[in-house]
Amino acid sequence: MPLPSQRDLFDLPRNITYFNAAYIGPLARTTVAAGEAGIRLKSAPWAIAAPDFFMRSDRVRGLAAQLYGASANDIAFVPSVSYGTALAARNIVVQPGQTILCLEDQFPSHVYVWRRMAEERDGAVVTVRRDAAQTASGAPDWTAALLAAIDDRTAAVAVPHCHWTDGSLIDLAAVGQAARHHGAALVLDLTQSLGALPFSVTTVDPDFAISASYKWQLGPYSLGTLYAAPRHHHAGRPLEESWMTRAGAENFARLVDYQDTYQPGARRFDVGETANFHLMPMLEAALVQLLDWGVDQIAETLSAMTATIAERAEAEFGLASVPREQRAGQFLGLTFPDGLPEGLVEQLKASNVFVSVRGTSMRVTPHVYNDADDTERLFEALAQVMRCRAA
């Protein structure tokens, strides 16, 4: 069942309508409190014991693993998607003449590393174009376009679960099956979906999947997670050689006994200083809250909300969007029949309504703190924009 509004768990003023989770998600009060407690702990370092460097991060691994449908042993911590994609690229073989597939207008952190990799290894990045994915309805079918593009030259398919400009959805199970059939790796950027859209590595079987936590997981900035398939655990090469990722790191007195063996599982891929005494407690609190709501319930709630907004936007202003069955439920990209009004974001902001523009779409991305009053304020502000445009 859809969740009732969870606004009382956030410090969101009643006059603020925030439909911008895909930009930055706000922190719940419990997450803020966890960060403040972590900062206070760091101000009294004599209270920090050796186990504190490992115990909390291992708890958070287990929480994050539930979002991926994985085990805690498969989870590593990364500071950003660009770090995670660079790590994935380091562990994928690209031969001269092979290709890496990306989508047109894909988020740059999941593009730049592949361009560099292709240049260094005499390969090529192949961009699946939006016009190749276009259907008769006007909505893109990225899945069909990707399946047509994957072939025996493909070394890697590097894509999201949904497009960050309009929420158009990709069938990752079908893409993963095609990638494996042709011997290609699958690397996913789940930043715009994990926590708001059900996902399972069992169904998709990616080589690597990365997610920043500061958007849909309502977590801190600069701390995210990475799933590494077990096939990459034993010979995988990390980006950095942290003391914390080596066997026996818990014994501070014997760190001078250098170890060639890594900690088990995906821990070898952890960014340095994993303990992160203020961000790690924040991520823990955010994930505990997210899992308490339930990803299925979050997805149902947000899908109903965006469907209502899409229907009204079309009926009242003639705005178009990707059909509900072809987009991620938490995402809505609205396009105007005569193009985006000039200064749209600024005009809405003047009414305390916050959205984004990405590409040619006005991106409306709610979360569980939104309610029917927010929707009314959005449409009141939009009506004012349209009146100004007509004047």
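This briefing walks through ring pairs, a helix contact and a few individual residues in the structure above. Please keep in mind that the model is predicted. In total, 15 aromatic pairs are found in the structure, and two of the stacked ones are described below, Phe10 with Trp293 and Tyr68 with Tyr227.

**Aromatic rings**

- A pair of aromatic rings is described by the distance of the centres and the angle of the planes.
- Phe10 and Trp293 make a stacked pair, at 6.3 Å centre to centre and with 20 degrees between the planes.
- This pair joins distant parts of the chain, since Phe10 belongs to the segment before strand S1 (17–18) while Trp293 is in helix H9 (residues 279–293), 283 residues away.
- Both partners are buried: Phe10 has a relative accessible area of 2%, and Trp293 has 6%.
- Tyr68 and Tyr227 also pair up, with ring centres 6.3 Å apart; their planes stand at 25 degrees, so this pair counts as stacked.
- Here too distant parts of the chain are linked, with Tyr68 in helix H2 (residues 55–68) and Tyr227 in strand S8 (residues 224–228), 159 residues apart.
- Tyr68 is buried at 0% relative accessible area, and Tyr227 is buried at 4%.

**Arginines over rings**

- Arg246 places its charged end over the ring of Tyr262, 4.3 Å from the ring centre.
- Arg312 does likewise with Phe379, its charged end sitting over the ring at 4.1 Å from the centre.

**Helix H6 against helix H7**

- Helix H6 (residues 142–149) packs with helix H7 (residues 172–181) at an angle of about 0 degrees, and their axes are 10 Å apart.
- Angles under 35 degrees count as roughly parallel, so H6 is roughly parallel to H7.
- On the H6 side, the contact is made by Thr143, Leu146 and Leu147; on the H7 side, Ala174, Val175 and Ala178 take part.
- Sorted by type, the residues of this contact are 5 nonpolar and 1 polar, with no charged ones.

**Arg377**

- You will find Arg377 in helix H12 (residues 372–390).
- Its relative accessibility is 21%, so Arg377 counts as partly exposed, given that buried means under 20%.
- Arg377 and Asn15 lie 362 residues apart in sequence, yet their C-alpha atoms are 9.2 Å apart in space.
- Setting aside neighbours within four places in sequence, Arg377 is in contact with Arg14, Thr17 and Val353.

- Asp205 is not a glycine, yet its phi is positive, near 55 degrees.
- Asp205 sits in the loop between helix H8 (201–204) and strand S7 (208–212), where it counts as partly exposed at 23% relative accessibility.
- Glu273, again not a glycine, has a positive phi of about 55 degrees.
- Glu273 is in the loop between S8 and H9, and its 68% relative accessibility means that it counts as exposed.

How values were computed: Residues numbered from 1 in each chain as written. Predicted model: local features only at pLDDT ≥ 70, side-chain atom pairs only at ≥ 80, totals over all residues. Heavy atoms only, no water. Axes fitted to C-alpha atoms, helices over the stretch in contact; angles between N-to-C directions. Helix = DSSP H or I, 4+ residues; strand = E, 2+ residues; numbered from the N terminus. Parallel < 35°, antiparallel > 145°, perpendicular 65-115°, else oblique. Contact = heavy atoms within 4.5 Å. Nonpolar A, V, L, I, M, F, W, Y, C, P; charged D, E, K, R; others polar. Phe/Tyr/Trp six-rings, centres within 6.5 Å; stacked < 30°, edge-to-face > 60°. Buried < 20%, exposed > 50% of the residue type's maximum accessible area, 1.4 Å probe, protein only. Lys NZ or Arg CZ within 6 Å of the ring centre and 35° of its normal.
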